[in-house]
Every structure is written in structure tokens, then in C-alpha cells.
Amino acid sequence: MSYPFQIRSLEEYSSAYRRSIDDPEEFWTEIASFFLWKSPPQKVLNWNFKDPMVNWFDGGVLNITENCIDRHLADKADQPAIIWEPNDPTEKSRTITYQELHEEVCTMATVFRNHGIKKGDRVCIYMGMVPELAFAVLACARIGAIHSVIFGGFSAQSIADRIQDAGATAVITCDGAYRGAKDIPLKSLVDEAVEDCKTIKKVFTLIRTKVPVSMIKNRDYFLEQEMLEVKRSGTINYEAEPMQAEDPLFILYTSGSTGKPKGVVHSCAGYMIYTTYTFVNVFQYLPGDIHFCTADIGWVTGHSYIVYAPLCAGATSLMFEGIPTWPDAGRFWDIVDKYQVNILYTAPTAIRSLMQLGLGPLENKDLSSLKVLGTVGEPINEEAWHWYDKNIGKEKCPIVDTWWQTETGGILISNLAGITPSKPSYATLPMPGVQPVLVDDQGKLIEENNVNGNLCIRFPWPSILRTTYGDHERCRLNYFSAYPDLYFTGDGAFRDENGFYRITGRVDDVLNISGHRIGTAEVENAINMHAGVVESAVVGYPHDIKGQGIYAFVVYNEEHSINEDATKANIAATVAKVIGPIAKPDKIQLVNGLPKTRSGKIMRRILRKIAEGELHHIGDTTTLLDPGIVEEIKKNKI
Ligand code: WT7
């Protein structure tokens, strides 16, 4: 049985799209009516992109967790909501039914309530991929606390920055996390971070790896113990906090072109409705299907398409603690085989790295349950697309190439599996409700097809970001000021003769490393913190597996240098310490100077060309203060 708002044919897509443009309010009112409200919305949409101000479903009162959990208890109580596959394949997996999810989430919510956490408080979550991470997200939403999940690959410094920016009062963490052969000491990183965070009153720790942890009286609590006490005393509070449609649901930090990551804020109703709508339509999810999104909940993909949307749709969401290449490169396929996965949603980086390891890991793996494949996070090259299609989908599974961003909350441009046409390396057509446009650098609308342009959206969709936490002006400047009355994505795109979009990559100073966003300025700031560094410039370069790699040009003070290799290793270690291992440069070139204009501006265009290996297409260097520098950098290119 399909969902009432599920598009089942190309004609239905065309008519839904048309209706969504002609009368967006009526279109979204109808979809909103399929969700559970404590009071229904009064005014569907109120907006302008100047401030910006976007209000969807005003007057509506709801709690997203009642939509994710309670609503399914009538007919799906015993259906698995979450299936969890541990890092170590010999460890027992876990299945959490909707009934159990209800119990766990309400218990955890009670613990938080008992510790004084209330609606509007910010709670930082820094955990590995264990079911309790999903429970923690939902427990926060249950009581109206605003969660800010931080990916486990970020450093203590990054945690502290995010806690301070959000003014968080509590942290939920694990003693440690398993990722492949590695153990990450989460709690000790939190301890280090919290030293600089005066606002933190409580730290809850879930035991996972049994690594010893320090516990500070009246601040640190073991989460399981707290939950057990609530269960034992029979005091679970099942109430769901009434939330206004526009109350914030969560903050998720993401990198931009400046040094400091920004806290993207999503609100309750619009996010819920749009992510669920896209989940059901893009993946063509049908009740009973096993949905496996391989992302980490620390990124928006995990928020939207592991936790919120699948659960709102009453789906079974498979959550994997480990990595695709451990204990061997067949791990994804073992999981698909073991649970008879129907939908697999992963990143091009994962596909490319598995592709490189050949077909051996696929031997004797039953992939026949697969119906739909998806990709997200970065452009997928045609070679990887065809490999995925041929070897994983056996040429019978549609591939959805889903383009979206942390700021968009849900998928904006994608084909609908088996319903609308796919085209390798194209995200193709917009979702109903989404109005993409291309503009040139002067902001002029490009009407024709077969053109490149800057990708903007000219009308709000329900899960557009509402602000950047604590700094609305930054939100306006970043997304709504480059081109008047348009949301600017930061991406470039090509539109073909059929109006299909192909995302060509970022046009700003943001890198996309393995589908994760890192700002060049952020990496430069981290490099510059190293004692011997005078200055640095960071650019991206094409990387066979990661899509983009990080190339750092560093001016180093000789006096501090022992030997070049040690210096480079120390610079990389500094970046890992300041931001996290995910931001470590792939290449570091020590240089005597950077190419600068007479006014002192670093010419990144030149460095980008050098990093890309385009040594003969550097362009004009006559405006440089010292053109000789370029020759020297070219000569020593890595
Ligand atoms: C940036 C957003 C969306 C969740 C994961 C990343 C790039 C995303 C695609 C795609 C080409 C893509 C864009 C975008 N991107 N999906 N299907 N094809 N590029 O979220 O960290 O907010 O990054 O990822 O450049 O702007 P994010």
C-alpha cells in the first residue's frame, strides 16, 4: 500500500509539480493534513527573502516525535523502527520496535526533564552510531529541547566552539565510539571541550566501549543508570511537549566560506512534512521496506533520512555503526544480504572507494532484495554511477541522485525512483514545491537551457533553514544577499535541454571532501595556529576517491623546522587537533611565499590551477606583487 501523498507515475509527478507552483498553499495544506497535529495550522505560508522570514504552518501545534512514534503504535507497535548493525559483525545486532522506541525515548526524555532540561534549551549530542543516538535526538525533540548533534570526527575545540555558540546546557555522549578498527574516546574529548564551556550543567554518558572515563560529581551521569532508575520507579513521563510549527527543532553546524561554522536552524513542522514527503517520493518507500542510509547521524543526511523522515513514515530504518571497508570491503554487501535491504542510500565517495577494490567483495553476496539505490553529498561521476548500477543494482534498480544541503533540510532536486527518468551524473528535476533558477554572476536570470549558472531557489519550501543560530544577519548575508529575492545555494549547475540539473560543485570557498563540507578559511585558521606557520592558503583539487582533496600551501618559519616531513606531519596534527581528523590536508606544500596582488590579496585562482595540475593554464600573473613566487610553487608542486 502506498502513501496518500506518494507520486506513482510521471503524469502524477507533472501534475503535483504544477499544483505545487500554481497554489503552493493548497498543495502543502493537503500534505500537512496527513500528519498528526495537536492543533491544525491556521496560516500556511508567510514569507519574504529580504529579512529573510519564512513561516510555514503558523498556528499549528505538534510534536514531531508523536508523528515519528506514537502515531504508529496502533498498527505498527511490533514492527522494527530501527535495526542496528554493530561495528563488529560478530557482535549481536539489535532491533527496536516502535513500541520499544516509544518506551526508550520517553524514558530518556524523562531523565532529561528530571535534570531540569526544558523546552528551548540547547543540548549537544556527541555520540557514535548507536541506537541511543537516535533515542537522544528524539528525546530532545520530545521535550522541545533543541539538539545540536556533532559528528564524532570533530575535535574537542570544535565541540567547544559549537557548545559556546549555541549556549548549550547539557551534553549527551558515549564513553567511546567504534569506527572500523579505531576506538574514539568521545567522553574525554567532551571533558576537554567542556572545560571552556561555562553553560554546561550536565553531561550524560552512555557506556559503549568500556574505556575508563572520568566522572565529575553533580555534572556527569551514566545515561543507562539514569534510565534504569526512571523505569524501575515507574515514573516514565510519556507527554510530548506541544511545539509551535515554527519552534526550532534542531541546530546543525556546517562550514561556510568564513572561518567559523554556522548553526543552521530548522523548525518543527516544515522540516517534518518536507523530509517525510521527499523520503516517500524520492525512494518510493513502501511499508515493510528496509531502508539503509549509510550516513552518520552527525550530518544532515542522517538527521533527515535515518531518523526523522523514515520514522515519520513508519518505516524500518537500518542504522550501521561501522564503516564500509571494515573488517573488509564487503561490509555493505554483507549488511544488504543479512537484512535483505530494499533501499540503499550512500555517498559517491563510498561507491568509488569500493569500486577501486574490485568485484571480489561482492562474491556470494545476495543483493537481490535491493529495489532502489541512492547517492548524496557530492557529484557522482559517470564511471561510479555505472559501476553502482551494474554491480550493485544489477541494472534493475533505479538510482536516485539526490541534491540538497544542510540548509535545505531535505532533498530538493532528484529523480523519483522508477517514476521520473534518471540520467547519470544529473540530479535531474526539482521536487514538487521547489523552484530552482540559474543566474549569471551579475544576478541576471538565465532562461535558456544548455547553460551553466549559479543555482538559486526562488520560493520557500517547507524545510528551508530559518536562521543561523544567534546571528540572523549572517543568514541573510550568506544565503539571501548575493542575488535579491533568491536563496543562493553556493553551487553551480548545468541545465540540459530537458531542464535536468547537473550540479557542478561549489562556486564559493567551501570544499566537499568525501561529501563533507569544509571551509578553506576554517582549515587555514587551523594551520595558522601551528607555532611555525607564517601564513597559508588552502584550495581543493580533484581526488579520485574523495571527490575533492585538501591542498595546503604553507609559508613556514625556517627556525621552527626540524625536517620537512616532521613539519608537515605536525601541521596535519594541528589541523586534526583544532578541527578534527576529517579536515587534515591531503597535501601540504611548504612555500616561500604566496601569490598576492599588490593590495595583498591571495590569488587563490592561481593556487587552484596549480593544485589541479593545470600548470600551463595559470592565466595572467602580471598583476602579482612577485610573479617569481608562482614559478617556484609550480616547480615544487606535489
Ligand atoms: C553540498 C551540501 C545533502 C546532504 C549531504 C551534504 C553537495 C550534495 C549533491 C549531489 C552534487 C551534491 C553540494 C551541496 N551535494 N548533494 N547529489 N550532487 N553535489 O550536505 O554538507 O550541507 O553539503 O553538497 O555542493 O551544496 P552538506
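This is a predicted model: local features need pLDDT of at least 70, side-chain atom pairs count only at pLDDT 80 or more; totals for chains, interfaces and linings use all residues.
Residues are numbered from 1 along each chain as its sequence is written, and side-chain values use heavy atoms, with hydrogens and water left out.

Let me start with the ligand. It is surrounded by 18 residues, the closest being Asp 401, Thr 402, Thr 406, Asp 491 and Arg 506, where a residue is near a molecule if one of its heavy atoms lies within 4 Å of it. By class, this shell has 6 nonpolar, 7 polar and 5 charged residues, with Ala, Val, Leu, Ile, Met, Phe, Trp, Tyr, Cys and Pro counted as nonpolar, Asp, Glu, Lys and Arg as charged, and the others, Gly among them, as polar. Helix 11 (300–312), strand 20 (399–402) and strand 26 (501–506) each supply at least two residues of the shell; helices (H or I, at least four residues) and strands (E, at least two) are DSSP runs, numbered from the N terminus.

As for polar contacts, that is, pairs of N or O atoms within 3.5 Å, a polar side-chain atom of Arg 517 lies 2.8 Å from a ligand oxygen, and an N or O atom in the side chain of Gln 405 is 2.9 Å from an oxygen atom of the ligand. Glu 378 uses the backbone instead, with an N or O atom 3.4 Å from a ligand nitrogen. Taken alone the ligand exposes 550 Å², and the protein buries 96% of that, by the Shrake-Rupley method with a 1.4 Å probe.

Turning to the domains, the chain is divided into domain 1 (66–241) and domain 2 (518–635), with bounds from an automatic or database assignment. Their centres, taken over C-alpha atoms, are 39 Å apart. Between them they bury about 510 Å², 52% of it on carbon and sulfur atoms, buried area being the accessible area (1.4 Å probe) that two parts lose on being put together, summed over both. Gly 153, Phe 154 and Ser 155 supply 53% of the area that domain 1 buries against domain 2.

Finally, the backbone. Most peptide bonds are trans, but the one from Asp 51 to Pro 52 is cis, with omega near -10°, and another cis bond joins Trp 326 and Pro 327, with omega about -5°.

Terms used. A polar contact is a pair of N or O atoms within 3.5 Å; within protein, one must be able to donate a hydrogen and the other to accept it, and residues adjacent in sequence count only if both atoms are side-chain atoms.
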